[in-house]
Amino acid sequence: MKKYYLSFVLLTFSFLSLSQQSFVNSEPEIDKGNCREGESVEYCLTHKKMKEYHQKNGQHEKSIIDNDKVLLEEALSKVKDGSIEKGVIYTIPVVFHIVHNGGIENISDEQIFDAMEILNSDYRKLNDDANFVVSDFLNIASDSEIEFSLATKAPDGTCFNGITRTRDVITFDGSDPNHDAPQVTAIVNGNDVYQGNWPGNMYLNVYVLADVGGAAGYTYRPSGNFGATMNAGIFIKNDYVGSFGTANVLKSRALTHEVGHWLGLPHTWGSDNNPGVSSSCTQDDGVDDTPLTIGVTSCSRSSNTCNDLTPSSNVSTSWNYDVVDNVENYMDYSYCSKMFTQGQSDLMRAYLNSNISGRNNLWRSSNLAATGAGESVSLCKADFSVENMDVCSGEQVQFTDLSYSNITAWEWSFPGGSPSTSNLQNPVVQYSSAGTYPVTLKVYSGSASLTEVKSSFLRVLPAAKTLPYFEGFENHSSLSNNEDWSLNETAGARTFTINSNTSFEGDKCLRLSNYYETVPSVDELISSNFDLSSLSPEEEVTLSYRYSYRKKATTDYESLYIFASTDCGTTWNSRASLRGSQLSSEVSSNSWVPSSESDWSTVHVTSINSSYFVNNLRIKFQFTGDGGNNIFLDNINLYKGAPSDKSVLGLDELSSFKELTLYPNPVASELNVKFTTEMNQDVNINIYDISGKSAQKQLIKAIEGSNLVLLNVENLSKGLYFVNISSGESSETLQFVVK
Ligand SMILES: [Zn+2]
């Protein structure tokens, strides 16, 4: 018989620490002087971006300011003389638009809620650190009487939670050289709530991105030139939003800073992005009670960079002694910002009372009603989620309530779960039997209620399989019918599918049409659970699989990782990887399809060591794509023992076949395969040689009862063979010898 030479890759893997893949399309040039100490992103680009915008449009910033000045000074004098009432709270509707490509930049709702709390406490001087302001400024640290409320209505009235999500690779490129805000275009065309314009005189639009031109954030101050365009919102890097998740406490005031700009404030040293430049002592920020300063990039509370007693003629200050710099001001660059001065609050309130960029419309009761913000929020959606919808029997499943707004009571129903009902907001439930389960949540706001039913919500995995396990993808037309495998696509548009045009063996294999995939992409194939708990520590386990792959161009760098989980898929450890040219150095400019055995490689992973001998082991294949070519997978095999290039077939599967016998054995010419089935069904009979190659196959229309199949084996050379009989979920294998 034909002898096959396999491309054989034996890989003995050690632990790999896999960090989150980072995809950067263009490296922005960083102005180090505009970074805070210890950071590698510029803290703010607001003045740079405004200057660029004006230059591009043939405008001069000074003339813009002059145009708006009359309006602003009118409003400011009213704020100062009290004819615009103090004590009136201005509430501003806020929408966070997250643009992501499935990575860490897709921050959680909770991280946004945290950012909102910080914003509100900072603008109402409710921040815990406000009492620790340098004593010179304690009396002028002010409550701005401005509040922020997540909108609950889109421009068309659609109910939402104040957060939109848009999947687009543009999140990685915040350079925006043409000032046409391609991220905003992506949001307008592709967000998940309302596709259209979100006017800047109705909402404070905050754009959360993976990159903002190499900065933490920027925005555009109110101006007749920008008007109420959506483009003049706040652009902020995801790790400067809130104080946890991708962010941290030291980055958590960047949004307060940018909202200050959005409400008209310049930096404490004036209108540029050049902190620490000595000439800034002679320029003004237009606010009298902020001391003269050149700005800081760290937190030195004793810093005193300009003499307040000898201001130059174009600078005004209300200080009659040489006060230290107000490094704790939100509009400086320090890590310890914690206050606005009274003068800054007055200026922001003046802008909110001018129609410059439509700021005076935001807080009107008519706008709060239109956007569902402030006191206008009402019950509008019942929803919930879990971290992982594939769970193991007995696993504790944490449910998270996503309903809004003003929810006062919860009624959960978990058929098949324990408990089967709950009134907690975020209950924990266990399931004991395999199957797919519905979940219902009814939420109340006073007497009003809404109900969300998710009919096939949670899948409890079947009983863990024992070794050996073999999957050739022969018995299903679609992975969705195959309970052994599930898919997870975290980035990109395509996923693994069963392909019947080519294979390593048999008729089918898995294909990821990466040639046509959007870039970058991450595709995962996740196994059901295996019980390895009966293995003794000194035993060996091998995971083998066959794959076929080509690059599209020599520079492609794509990777196939193998992960294992000992907690049913909650956490994963990397066990093996093939990266870049390890995967293949060969290039095919056309959409790749293997056409012969030699186009395939076999991989044996030997790092499933005794720490993985648990009762709920799961295996994950993860392909990270970068615009290369297709990848195919076949014959995934998990078995006891050292690596072998033979497929180790399942021998002890549950079967609907009875009395499977082979005779004669050994056989010379005609093999009789006899079995009984419980119903009429299609049965595949495959003969494999010792190397795992298919030698012969038949599709039989078996009938209920006893069946006998006569197989001619004259063309097989002498040796050991396996015959595998399979139908649907059932599979059984016996060995025989050709003499
Ligand atoms: Zn700034």
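User: How many of the residues of helix α6 (residues 342-352) are buried?

Analyst: In this model, which is a predicted one, 10 of the 11 residues of helix α6 are buried, so the helix is largely enclosed by the rest of the structure. The buried residues of α6 are G343, Q344, S345, D346, L347, M348, R349, A350, Y351 and L352.

User: Which residues are buried in helix α1 (residues 46-56), and where on the helix do they lie?

Analyst: In α1 the buried residues are T46, H47, K49, M50 and Y53. Looking down the axis of α1, you find these buried residues within an arc of 160°, so they line one face of the helix. The face of α1 that is turned away from this buried side carries Q55 and K56, which are exposed. After α1 comes G58, and the phi of G58 is positive, near 65°.

User: Which residues of α4 are buried, and what covers them?

Analyst: In α4 the buried residues are Q183, V184 and I187. Viewed down the axis of α4, they fall within an arc of 100°, so they too line one face of their helix. The elements that cover these residues include β2 (90-100), β4 and β5 (204-209).

User: At what angle do helix α3 (residues 109-123) and helix α5 (residues 254-262) pack, and which residues make the contact?

Analyst: Helices α3 and α5 pack at an angle of about 60°, and their axes are 9 Å apart. That angle makes α3 oblique to α5, and the crossing of the two helices is right-handed. On the side of α3 the contact is made by A115, I118, L119 and D122, while on the side of α5 it is made by L255, T256 and V259.

User: Is L560 buried or exposed, and which residues does L560 touch?

Analyst: For a single residue, one can look at the element that holds it, the count of its neighbours and the names of the residues it touches. L560 lies in strand β23 (residues 559-565), and L560 is buried, since 22 other C-beta atoms lie within 10 Å. If residues up to four places away in sequence are left out, L560 touches Y547, S577, L578, L583, F621, F623 and I631. By way of another comparison, L560 and T310 are 250 residues apart in sequence, and from C-alpha to C-alpha they are 66 Å apart in space.

User: Which residues other than glycine have a positive phi, such as A181 and N406, and where do these two lie?

Analyst: The phi of A181 is near 45°, a positive value in a residue other than glycine, and A181 lies in the loop between β4 (163-167) and α4 (182-190). A181 counts as buried because it has 20 C-beta neighbours inside 10 Å. The phi of N406 is also positive, near 55°, and N406 is placed in the loop between β10 and β11. With 15 C-beta neighbours inside 10 Å, N406 counts as partly exposed.

User: How many helices and strands does the chain have, and what are the spans of its C-alpha trace?

Analyst: The chain has eight helices and 34 strands, and its C-alpha trace spans about 110 × 60 × 45 Å along its principal axes. Of the 739 residues in the chain, 46% are buried. Among the contacts in the chain with a separation of 6 or more, 72% are accounted for by residues 24 or more positions apart.

Note on methods. Residues are numbered from 1 along each chain as its sequence is written. This is a predicted model: local features need pLDDT of at least 70, side-chain atom pairs count only at pLDDT 80 or more; totals for chains, interfaces and linings use all residues. Axes are lines fitted to C-alpha atoms, for helices over the stretch in contact, and angles run from 0 to 180 degrees between N-to-C directions. Helices (H or I, at least four residues) and strands (E, at least two) are DSSP runs, numbered from the N terminus. Angles under 35 degrees count as roughly parallel, over 145 as roughly antiparallel, 65 to 115 as roughly perpendicular and the rest as oblique. A crossing is left-handed if the near helix is turned anticlockwise from the far one by less than a right angle, and right-handed if clockwise. Two residues are in contact if their C-beta atoms, placed from the backbone, lie within 7 Å. A residue is buried if 20 or more other C-beta atoms lie within 10 Å of its own, exposed if 12 or fewer, and partly exposed in between; C-beta atoms are placed from the backbone. The arc is that of the directions from the helix axis to the C-beta atoms.
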